[in-house]
Amino acid sequence: MRARIAGRVTPSCSQSSQDGLEMIELPVKMAPISIACCQVTGNILLSSENLLTIYCFHVRTHDISHLKFIDFAEYDFHFKLSFSPIKLALCENVIVAMGKKHCHLFQFGNVNNLQKSTNVPENKSSNSQQISGDKKKAANFIDWEEITHMECGNKPDNITAHSCKLNFSSYPIVVNLPSIVSERAAGSGVLHQNSPFHVAPKGMALSVILPSHTNSRSEYVTTLNMLQLRLASFPGHVVQEEFNCLDVLPLYLHQDNKQAVSLLVLVTTQQEGYLYQFFLPVHSDSALQQAACITVYPFTAPVLCVALEPYLLHVLTETGLETYTLKSGHRLATQMENVDNINMACPPCDDPVCLVGLRPFLGVKHLLITQSYLALLTCPENPPGTSSDGHQEGSWTLYTLKLPTPTTLYTDIMTVGSVHRWSSPTTYCHLLCEGHIILRTELYMMSQDTKEENKTLLSLYKDSCGLLADYYITCNSEKEWSLATPYYTMSGLTPFDVMERVKNMNISVSDLQSHHDRSGKYAQGLMNYLKTCLIKMDYKSEDIPFSLAVPSFAHSLLDIFEKHDPGQVSTLVLRSHLLREYSTGRVLSIMKKELSLRPKPEPSDALALVLLCIQNGSPDQAITVLNSFSPKQLKNILADNYFLMFEGNDAKTRTWGKEDTLNFTELSTLLMDTNMEVLARVLVHLTTTTDSAMTLKQVLQAFMEYLPTRISTTGPNPNKVFQMFLEGYFNWLHLNQSEANYDVAHIEALKILVRSYLSDLQTNPFEKTSSSLFETPKSSISTLNLMTTSKHVCLTKRMRPQQTYNHKKEKLSGLFSGLRPRFLNKLPPFVLDSSKRIVPSFNMDDEEITDDYIEYHKITLTKLQSLLCWKRLPGVCAVEVYHFLKRHPQLYGNLSLLVLCMPVNEATNILMDFGPQALLQCAQYQATVVLLVCNSNIFDSKYCMNLSIVRMLPTHTLDNSSHVHEAFDCHTLLGGFPPLFLASISLELVDDASPSG
């Protein structure tokens, strides 16, 4: 054996041979108390009283022989604790120091590597410097009392605003109040009823001692406290508790073996162990330190030594060797995967640990663990002899126990658990969960290179998932049944496999008598799983992985539900196209039999019958069932099952994103012909609720895809549904949103609504045959270009109200009731047109112009007038109406629409010629609008008023017509205007008035 001093003496050429054993001496200034070596980096940690020193592991090259050798270099900084440790542990940049009454776990590093600093020293002139983290406040430290004083207005002169102390990396700011911290700790970790610890006690300070030559901030060492424990003192107790053992284990993932993702720390008292788990990297002081405690171990005897594996804990006590399972795998699974209990599940963390091994050993003094073996050193209590230096001679015994592999451990656990499968199901489930977590943890950490071992391990893992699902599906509560679905999904079993698996489930001989009752319970769990599975199974039948077995699966499923719960068949029909496609006749017979036993069918039953009739090619029967609904019932059931009304072009699921293109299903097309108003209200509901199922753009695209297919068919219903939907949507927008933030879809939707009104005013809604005079744009639907390429094309066909739509019952409200000015009631067609210049745009005999015709067109005209008066209507819509009116001067209501679309001066001239009876109220309306917008800008209103006086007063003198005389009475003329308006034009009225006036 050759000895040398680390960092000072290099090995000679003769000492570098492979034959000798080399001893490296570490130069220390004080007598060391304890030592620890990092199994990852090779660094060594020494403690001398309350100082900690790190020696960094290096592999150097000899200058002469060029041979590589091991060396250690002392870091130029030290850590100073508030106690003297007796045991140490070092893992990468995490240090654990444990004394008889204290345990301190912290992470250290460079300020560039850690985001927050708790110890930022300042240089002093002395040889060394010692800065305590709790004596000096960091730059971003916030004092709660200081903030309280500042908020109360008692801001001292020497206190700066706390906002000046924060940089952008300090946000978000979290204030951990003590009571909330304690409550969260109890809910997140293990609440020990008689905890012997004070967690994060005051006075457990950590200091960093740096050399005097440290001038650069990058050389500062930062520390983050992860765990601080102090044993409490219990007065009157003869024996006081002390810390006994310590062990640390990092966990690495197979994808990245360079940095640990989790750290396990086990600290023990004389007869209890506390396992803490931390996820790395840590970026701030842990405010919830106690929450990291995941398990408390009550040992059977006083502890001598401990050793950790990724999924097992080995404890050496005075009576023998005890082996327990760990709970770290549960938290690791929830951290690494999305455990939502829908597609992924994990056993609960609060289950008790399992004692999987208890072996007596006599005289065991120490325990060591390697990658494959567990070594125990023993000696008798009364040795036969001792050497001169007091050491025992010839009495040591070494036991080497081969560690079981995860697969072996799982097999052994399941051997024991299978005995309790029927006699004690909870014990069986507990053991199965422990075995499952062992396999799952090994899968996380197993190297990808060992492919054959991975196949065996993965096969057992899927088998454990299937067994867990089998257990939950045979339970008695719906909460436990729901856990069967994610575990069957994780096992890779199809629903058909699950049905066969449950049918062939083994029953012990002692349980044969209750097999009938038990099978009924199994059916309940199985039906719950199948129902959930069918709801999730949104794929088309040809894409189902077990498509060849679909017919058999569908019939087997119906057998179970027909026997145990036939009332659920209608729900399955609504949720699953599988049954509608493969078992239409069978489902119809089951539902008819079930409905015959009920006094009144449920809405879900009726809707399921509609779908089956459509699938069976019987639309007339489907219409008959739809007519049995009340409008309210139909709206509610369609809103709850909206996915039945749409299907995506490329999406294979009934759920879709906001950008997906949707098409109407056969159910929607049937509703367009039979229940227009209900369908329109449902579409409005789907696009206006808080968690809206679809957007306005998607509904527009669906209509644009569908309307061209109805060009040659009879009936205007799809166009009327489209119009009613747009009316409902913008009416909701008018009532619930004050600002107009329109995207392209909103602008184009308003254009379509305006064009539909213009089309209605141009056509006869009571014609018995449809026409294709109204062309449909042919531009790209996906980009909504078809709404913009042709400005003056009416997109709707002729509207022929059918039995399901009665315009006489329509009530105008919201957007279509309170915005229309009153002067429009004095213009044709609401009054007789004395000029006889406004005539219908199509030829009709006098007897054909019925009251229904007039009423329908008046309602349409009123809607369009109200829409043009809406201040949030884009200007492009009014411009489009104006150009359309210019090309169709004889359109129904042409005069009133022109007045609303033209500038005030031009509209006044038209009213002078064709509607003088409405001029006064028009002037009042324009004046009110202008004054509301800008009190100083009333030129147009004055123009309207002056022009009416100058041009019409002579007519008043010559014409004895009562309505003209009454219209231009001076008191009536001036009485309706606001005082501000009259004051602004009083001078001009005097100057412009004629002597006769």
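M445 is found in helix α5. The model described here is predicted. M445 has a relative accessibility of 18%. Burial requires a relative accessible area under 20%, so M445 counts as buried. Beyond residues up to four places away in sequence, M445 touches L251, Y252, H254 and P310.

Helix α5 spans residues 425–445 and packs with helix α4, residues 406–419. The angle between α4 and α5 is about 170°. Angles over 145 degrees count as roughly antiparallel, and α4 is therefore roughly antiparallel to α5. The two helix axes lie 9 Å apart.

Both helices contribute a set of residues to the contact. On the α4 side these are P406, T407, L409, Y410, I413, M414, V416, G417 and S418. On the α5 side they are Y428, L431, L432, G435, H436, I438, L439 and E442. Of the residues in the contact of α4 with α5, 11 are nonpolar, 5 are polar and 1 is charged.

Leaving aside residues up to four places away in sequence, S570 touches M591, S604, D605 and A608.

Technical notes:
Residues numbered from 1 in each chain as written. Predicted model: local features only at pLDDT ≥ 70, side-chain atom pairs only at ≥ 80, totals over all residues. Heavy atoms only, no water. Axes fitted to C-alpha atoms, helices over the stretch in contact; angles between N-to-C directions. Helix = DSSP H or I, 4+ residues; strand = E, 2+ residues; numbered from the N terminus. Parallel < 35°, antiparallel > 145°, perpendicular 65-115°, else oblique. Contact = heavy atoms within 4.5 Å. Nonpolar A, V, L, I, M, F, W, Y, C, P; charged D, E, K, R; others polar. Buried < 20%, exposed > 50% of the residue type's maximum accessible area, 1.4 Å probe, protein only.
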